Amino acid sequence: MALDLDQTASRAATDFVPRAFDEGLILSMKLIIDPRGGDIEDDASSTKQRSLFSLAGSLLVEISLPKLVLAWILLIGVPGILLGMAPLLVSLWIGTVSWKASIVLTGIWPLVLLFALAGLAWFGGRPLMRLIESSFWSLNALGVQPGYIICREGFRHFAERFLPHGVSLARRGSVRAASAAVSGLAIAAAMFWVAMLAWPASRWVGNLADLALPHLLIPVVLTNAVVIVAAYFGGAALIWGVADATMAQPRDLESFDTPPQGGRSWRVAHLSDIHAVGERYGFRIESGRSGPRGNGRLRQALARLDEIHAKQPLDAILITGDLTDAGRSAEWAEFFDALAPHPQLAALVIGLPGNHDVNVVDRANPARLDLPGSPKKRLRQVRTVSALAAIQGDKVRVLDRVSGKLGDTLAQTLGPHLNEMAAFADTGSLLLSRRLADLWATIFPMVRPPGTDDGLGVIVLNSNAETHFSFTNALGLVSYAQAKAIDIAAKQYPRACWIVALHHHLVEYPMPAKALSERIGTALINGSWFVRHLQRLAGHAVVMHGHRHIDWIGACGGLLIVSAPSPVMQATDGCDTYFYVHTLAVVSDGKLRLLEPDRIDLPWQQFPDDFAAVENGREFVKDATRPISMGHLPGESSIE
């Protein structure tokens with residue numbers, strides 16, 4: 001009997017808190033600090049609660065200097081050495097081959113032998129060439145392009161501070177164009193000056209004696225790298241500056257298209273940056289206590305979508321990245337738990353990775369970094385691949401780079417790797433991590449083909465740069481390979497229209513920014529180039545993205561661009577959130593039209609993860625039947 005009483009008491013103690021919260025019972029004890037409200041620890045990495053200077057100070061105190069030095073050596077030192085060594089090795093090889101050929105043969109045969117050996121070296125040395133190429137673009141993505149972006153946006157931010165209030169879009173656009181040109185010229189002048197200073201100490205012809213004296217070779221190699229990078233940076237910045245100044249500047253969309261007579265249309269719900277957390281009352285990294293807790297707003301959005309889909313069916317639900325707050329297993333589990341009660345919606349969802357899904361090393365500590373090749377980053381990627389396969393494995397297809405056409409579905413592509421992925425998730429093996437390294441790159445872009453030759457397809461990109469540092473996790477980059485794959489998909493369906501979906505925004509919006517930090521470090525590093533690349537789809541494509549957590553609808557270079565607000569991140573307690581359902585239409589001319597979207601409002605609810613909650617020692621029962629309004633955008637002024 002005593003045993004039964006002990007078991008009953010144990011069960012009662014275990015069930016007390018859930019019963020108190022879920023059944024609306026009044027707590028008999030008053031909490032001095034309500035744990036559901038969080039505390040200062042929840043604001044550790046919040047950009048809403050702490051300034052960038054404060055976060056940088058925490059970074060300097062907490063950072064692991066040995067790991068940072070090793071990361072710099074691997075990411076910057078090694079590429080620099082390879083770049084500086086390349087001309088010396090090439091000249092040494094050419095000199096050796098031509099000398100041997102001149103001894104053995106005379107006449108035209110030395111040239112024949114030379115070209116034959118060059119061909120063998122090209123095909124046999126491909127791995128080395130790929131290493132040098134990847135090292136160059138690693139430097140480019142880490143330092144060159146971000147340097148140009150910082151300079152360009154710095155000039156723009158400074159210039160726009162002197163613009164009068166209410167200045168015309170044309171005037172603002174001309175200032176932005178001039179700032180791009182000035183930044184290109186300034187960087188070019190500075191970099192060419194650096195290259196000229198380093199030139200006397202450089203050397204471009206090597207000999208065998210160099211290999212025997214590495215301590216004398218290394219300074220020459222590093223100087224060569226400085227000259228190469230500085231000359232490239234100067235020339236590239238000049239080209240980028242001129243290109244950015246002469247291209248069409250982004251502008252707000254002046255008006256939506258009217259519903260066409262006849263033709264076809266599609267309804268697409270666009271969500272982004274839902275940042276699922278793994279705890280019932282968890283706070284998001286960026287918002288801390290200034291934002292909503294838990295996943296209640298996500299569940300609220302899904303419930304509202306269910307109602308909308310029942311009344312007027314949707315064709316797709318697009319979630320443009322940051323499905324989770326830090327790519328942790330518990331966060332993915334919570335996302336799927338929220339989606340599970342809505343199987344009809346799940347069949348429509350198309351997702352893509354955001355920087356929070358793959359690039360955040362530690363939710364609480366921005367000073368944490370992964371070394372290049374770390375299995376931890378690969379693990380976050382494998383988790384994301386597994387989740388995307390569950391969401392859209394049979395809906396999207398992967399490019400077959402051999403045939404140059406769309407190939408197998410994502411599920412079929414992953415088939416040969418399932419055992420390795422599962423084993424890697426269990427063991428974190430470095431060997432398995434290397435084997436899975438190419439998988440992440442080869443599955444993007446994913447393409448949901450149009451239902452008919454003249455239908456609407458979706459191209460899903462991975463726009464996350466390969467960063468290893470929590471503080472730089474937001475950098476974005478669309479690879480050349482993904483851009484070419486877009487061309488292949490469009491060529492395969494020449495009459496189709498497309499949604500090009502990615503996480504990062506392509507351009508900075510034509511609106512004033514309060515701080516320079518709002519303008520740098522978050523947009524695509526090569527966004528201007530990508531806009532120019534996509535211009536061949538102008539009139540037949542709309543670009544949809546997230547990342548900034550705010551809504552903006554505009555155009556750039558003939559491309560329609562739609563930024564999604566976050567139904568979670570932009571809110572503070574007591575504020576409503578919203579998202580949009582967009583209608584895309586095509587008529588006889590084959591051009592894609594964007595109609596006025598439906599704004600779906602989500603009213604704030606206290607502790608939305610509970611049916612009932614206790615606040616300030618009294619019972620607080622939320623109104624579960626409160627209606628959620630659905631309306632149209634009131635006009636242009638509502639679109640930021």
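This is a predicted model: local features need pLDDT of at least 70, side-chain atom pairs count only at pLDDT 80 or more; totals for chains, interfaces and linings use all residues.
Me: What percentage of the residues is buried?
Reply: Buried residues make up 49% of the 640 in the chain. Buried means under 20% relative accessible area, exposed over 50%, and partly exposed in between (1.4 Å probe, protein chains only).

Me: How many helices and strands?
Reply: The chain has 19 helices and 18 strands. Both are DSSP runs numbered from the N terminus: helices are H or I with at least four residues, strands are E with at least two.

Me: What is the strand order in the open sheet of 9 strands?
Reply: E1-E11-E12-E10-E9-E8-E7-E5-E6, with mixed pairing. Two strands pair if DSSP finds at least two bridges between them.

Me: Which strands stand at the edges?
Reply: Strand E1 (251-252) and strand E6 (405-409). Each has a single partner strand, so one side of each is left without a neighbour in the sheet.

Me: In what sense do E5 and E7 pair, parallel or antiparallel?
Reply: Antiparallel, over 2 bridges. Val398 stands opposite Met446 in E7.

Me: Staying with E7, where is Arg448 found?
Reply: Arg448 is in strand E7, residues 446-448.

Me: Is Arg448 buried or exposed, and what is the nearest side chain of opposite charge?
Reply: Arg448 is buried, yet has no salt bridge. The nearest side chain of opposite charge is Asp315, 6.7 Å away. Lys and Arg count as positive, Asp and Glu as negative; His and the chain ends are not counted. A salt bridge needs a side-chain nitrogen of Lys or Arg within 4 Å of a carboxyl oxygen of Asp or Glu.

Me: What does Arg448 touch?
Reply: Leaving out residues up to four places away in sequence, Arg448 touches Asp315, Ala316, Ile350, Lys395, Val396, Gly457, Val458 and Trp498. Contact means heavy atoms within 4.5 Å.

Me: Which elements do the buried residues of H18 pack against?
Reply: Strand E5 (397-400), E7, strand E8 (456-460), strand E9 (497-501) and helix H19 (527-534). The buried residues of H18 are Gln482, Ala483, Ala485, Ile486, Asp487, Ala489 and Ala490.

Me: How far does H18 reach?
Reply: Helix H18 (residues 480-492) has 13 residues and reaches 19 Å from its first C-alpha to its last. That is close to the 18 Å expected at 1.5 Å a residue. The expected span is 1.5 Å times one less than the number of residues.

Me: New topic. How many salt bridges does the structure hold?
Reply: It holds 12. In one of them, the side chains of Arg152 and Asp244 meet at 3.0 Å, N to O. Arg152 lies in helix H5 (residues 126-160) and Asp244 in helix H8 (residues 214-246), so the pair ties together parts 92 residues apart in sequence. Both residues are buried.

Me: And what does Asp454 form a salt bridge with?
Reply: With Arg264; the closest N and O atoms are 3.4 Å apart. The pair links distant parts of the chain, 190 residues apart: Asp454 is in the loop between E7 and E8, Arg264 in strand E2 (residues 264-271). Asp454 is partly exposed at 29% relative accessible area. Arg264 is also partly exposed, at 36%.

Me: Which peptide bond is cis, Phe444 to Pro445 or some other?
Reply: The bond from Phe444 to Pro445 is cis, with omega near 0 degrees. Pro445 sits in the loop between helix H17 (437-442) and E7.

Me: What is the phi of Asp273 near?
Reply: It is near 55 degrees, a positive value in a residue other than glycine. Asp273 is in the loop between E2 and helix H9 (296-311). Asp273 counts as buried at 0% relative accessibility. Phi of His275 is near 50 degrees, again positive in a non-glycine residue.

Notes: Residues are numbered from 1 along each chain as its sequence is written. Side-chain values use heavy atoms; hydrogens and water are left out.
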